[in-house]
Amino acid sequence: MQENLKHSLKNRHIQMIALGGAIGTGFFLGSASAIQMTGPSIVLAYILGGLIIYAVMRALGEMTVDYPTSGSFVKYAHMYLGPVFGFIAGWNAWLLFTLACMLEVTAVGTLLDYWFYIPHWITCLVLLVTFGSLNLISVKYFGEAEFWFAGIKVTVIIAMILLGSYLIFFHHDVNQIAKANLLEYSHASVFFSNGTMGFLDSLVIVCLSFCGSEFVGVAAGEAENPQKTIPKAINGVVIRIILFYVLTLAIIVLMYPFSKITPETNPFSDVFIKLGFSKSASIINLVAIIAAVSALNSCIYVAARFIYSLALNNQASVMFTQANKSGVPNRAVVFTLGIAFFAVIANYTFPA
């Protein structure tokens, strides 16, 4: 069977989906934990992990330009490796991103606790209904939402890099700390604080951080001009993502003696505090919520497209091939939301 989806995603949507997909909640709240694993060499780990992801994305890009499809790597596994690999890749990817939906809605409820308490099951229900509806209306609304969500995340990261650089070079106290840290990091035993195994272990977290880069391959199946937009997105955006991660982590390890960084350390907030923004924690908490709902929006989208692709390959019920007037595989979206609804039940039953 042939795909019957509409090509409504514009170039700016594709660019921002590619850019925002790999920037999740963990980047704003989990940087300190990654540094703890291997020390200052986390910067090197992100460079190495970024090169690995770039190679994977270039390969995916070649296949996407040759054969744009909303099934992305699931379809390619089916075409080039056989139905068994397509089946495994497809259901595994669908399960992964459906579970991610459940995690993201729960994360938003937890982040909202910073300001006020709403029973988490209510937050989960509202978010699933809201973004499920957005995905059901039209793919262009999904693209528009991701455009703005990604824009906010990127703006905060650029602000972090610029303001952090300003503090390192022009703030006397921070400048002195950065000089002392740089001298200390010149020793291999400090740079690789937990040895070779600590560095290798950190690569697992690093590569997981880039999860979401593949969203651009899925979106290609509904792009207006994939032959033009996909190469531009992959060639330019992957490099920008690597720079965002590397520069941000480099600023953090220069501004703080890494031995004093704990999982509770929030470098993003601290940079704003040093510049006199007393509400910085609230700002970063808001950005983390935006990152979480952005991930939720994207995960609903890609999970539905994977089960749609499986149905086209006769590896899921044929009912999932149905698309509404807007070219959205509505039954695939509703089925994915139905499974994600278990997050509502879980949060109601086990609120702790």
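**Buried helices and a cavity in a predicted model**

Leu312 lies in helix α15, which spans residues 280-312. Helices here are DSSP runs of H or I with at least four residues, while strands are runs of E with at least two; both are numbered from the N terminus. The model is predicted, so local features need pLDDT of at least 70 and side-chain atom pairs count only at pLDDT 80 or more, whereas totals for chains, interfaces and linings use all residues. Residues are numbered from 1 along each chain as its sequence is written, and side-chain values use heavy atoms, with hydrogens and water left out.

Leu312 counts as buried because its relative accessibility is 10%. Buried means under 20% relative accessible area, exposed means over 50%, and partly exposed falls in between (1.4 Å probe, protein chains only). Leu312 and Ile158 are 154 residues apart in sequence. Their C-alpha atoms are 41 Å apart in space.

Helix α1 covers residues 11-21 and is mostly covered itself. Nine of its eleven residues are buried. These are His13, Ile14, Gln15, Met16, Ile17, Ala18, Leu19, Gly20 and Gly21.

Helix α13 holds Thr229. Thr229 counts as buried because its relative accessibility is 6%. Contact means heavy atoms within 4.5 Å. Leaving aside neighbours within four places in sequence, Thr229 is in contact with Asn11, Ile14, Gln15 and Ala223. Leu254 is also placed in α13. With neighbours within four places again left aside, Leu254 is in contact with Ile168, Ile177, Ala178, Asn181 and Leu182. Leu254 and Ile35 are 219 residues apart along the chain, yet their C-alpha atoms are separated by 12 Å.

The structure holds one cavity of 30 Å³ or more. A cavity is a set of points, on a 1 Å grid over the protein atoms alone, where a 1.4 Å probe fits but cannot get out; lining residues have an atom within 4 Å of a point. Grid points are joined across faces, edges and corners, and a volume is the space filled by probe spheres set on the points. The largest cavity contains about 60 Å³ of space. Its lining includes Ala18, Met57, Phe210 and Ser213. Helix α13 gives the largest share of this lining, five residues. The lining comprises ten nonpolar residues, one polar and no charged. Nonpolar covers Ala, Val, Leu, Ile, Met, Phe, Trp, Tyr, Cys and Pro; charged covers Asp, Glu, Lys and Arg; the others, Gly among them, are polar.

Methods: 1 Å grid on protein atoms, 1.4 Å probe; cavity = no way out; pocket = protein on both sides within 12 Å on 5 of 7 lines; lining within 4 Å.
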